[in-house]
Amino acid sequence: MSNLSRRAALLALAAFASMALAAVAGAEPPTPGPNSWAAHGAAPLKSIETILIDAPPEKVWAVASDFAHYDWLPGVKGVEASGGNEPEKAKRKLLMADGGAVDETLVRWDAGRMTLAWHRDHDDVRRLPAINYMTHVTVKPAGEGKSLAEWKGRFYRGHPFNDPPPGLDDDTALAAVTALHRAGLAALKARVEGR
C-alpha cells in the first residue's frame, strides 16, 4: 500500500470514528472543516476547585475517603459499591435521581496524603460533555481546625476531533466539569459541617 493510500485510509477511518461518536451521543455528525484531520484533535483540559471547610482534616477525610458512600453528591440517590477502598478493585455505581447511573473505578487512595482518585468507566456526553474524565479529591489542613478540600479533574472535551459541534467543545466541557466540582465540594462541606 502506498503512503498516499495509507493516508487516505487513515483519514477515512478518522471521519468514520467521528460520525460514529456523534451518532452514539445523539448529535448530528460534524461537518469537517478544511483542516479537520490535519491536527491531532482535542488537548487535555483541567479544572481545579477548592473550598474551606470548618472542620479538622481528619473529619473531612473520613467523609471524602469513603469511596463507597458518596450518596451525598448532588443528584445521587444511592450507591452500589464493591472492593472497599482498594485501588483498581474498588468500583461504584452512582444511582442518579434522574434514573441514570455513573460507573467509576478507584485508582488511588492514600490516607497519609489524604487524597483519592477515580475515573469514569464509560463516557456519556449527554450527562457530562467531557470524555476520559479522571478526578482527585484531596484534603489539606488550613489552620485553626479548618480544612481546604480540593477537587481537580483532567479530561477532554466531548468531541475528540477538530471542529467540535456546539455543546461538545472545550468551553462547554470546562464549564460542566467546573460546575460538577463546585457542587461536589459544596455538598462535601455541607455533609461535614452538618448542614
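What follows is a short tour, from the whole model down to single residues.

This is a predicted model, where local features need pLDDT of at least 70 and side-chain atom pairs count only at pLDDT 80 or more, while totals for chains, interfaces and linings use all residues. Residues are numbered from 1 along each chain as its sequence is written, and side-chain values use heavy atoms, with hydrogens and water left out.

**Stop 1: colour by confidence.** The average pLDDT (the predictor's confidence in each residue, from 0 to 100) is 86 for the protein, and 79% of the residues score at least 70. Now select residues 1–5: pLDDT is below 50 here, and the stretch has one contact (heavy atoms within 4.5 Å) beyond near neighbours in sequence. Residues 28–38 also have pLDDT below 50, but with 18 contacts beyond near neighbours in sequence.

**Stop 2: the sheet.** Switch to cartoon view. Helices (H or I, at least four residues) and strands (E, at least two) are DSSP runs, numbered from the N terminus. In what order do the seven strands lie in the open sheet? They run 1-7-6-5-4-3-2, with antiparallel pairing; two strands pair if DSSP finds at least two bridges between them. Strand 1 (45–53) and strand 2 sit at the edges, each pairing on one side only. From one strand to the next, the twist averages 20°.

Zoom in on strand 5 (residues 115–120) and strand 6 (residues 130–143), an antiparallel pair with five bridges. Pick His119 and look across to strand 6: its bridge partner there is Met134.

**Stop 3: the helices on the sheet.** Show helix 2, which packs on the sheet and touches strands 1, 4, 5, 6 and 7. The direction of helix 2 makes about 155° with that of strand 6 (axes are lines fitted to C-alpha atoms, for helices over the stretch in contact, and angles run from 0 to 180 degrees between N-to-C directions). Helix 3 (residues 170–193) packs on the sheet too, at about 20° to strand 1.

Stay on helix 3. Its 24 residues reach 34 Å from first C-alpha to last, close to the 34 Å expected at 1.5 Å a residue (the expected span is 1.5 Å times one less than the number of residues). Its buried residues (buried is under 20% relative accessible area, exposed over 50%, partly exposed in between, with a 1.4 Å probe and protein chains only) include Ala173, Val177 and Leu188. The cover over the buried residues of helix 3 includes strand 1, helix 2, strand 6 and strand 7. At the N-terminal end, Asp169 is the cap, with a side-chain oxygen 3.1 Å from the backbone nitrogen of Asp171.

**Stop 4: Thr105.** Select Thr105 in strand 4. Is Thr105 buried or exposed? Thr105 counts as buried because its relative accessibility is 2%. Its side chain joins that of Asp121 in a polar contact of 2.7 Å (a pair of N or O atoms within 3.5 Å; within protein, one must be able to donate a hydrogen and the other to accept it, and residues adjacent in sequence count only if both atoms are side-chain atoms).

**Stop 5: two positive phi values.** Most residues other than glycine have a negative phi. Asn132, though not a glycine, has a positive phi of about 55°. Last, click Glu144 in the loop between strand 6 and strand 7: its phi is near 55°, also positive, and at 79% relative accessibility Glu144 counts as exposed.
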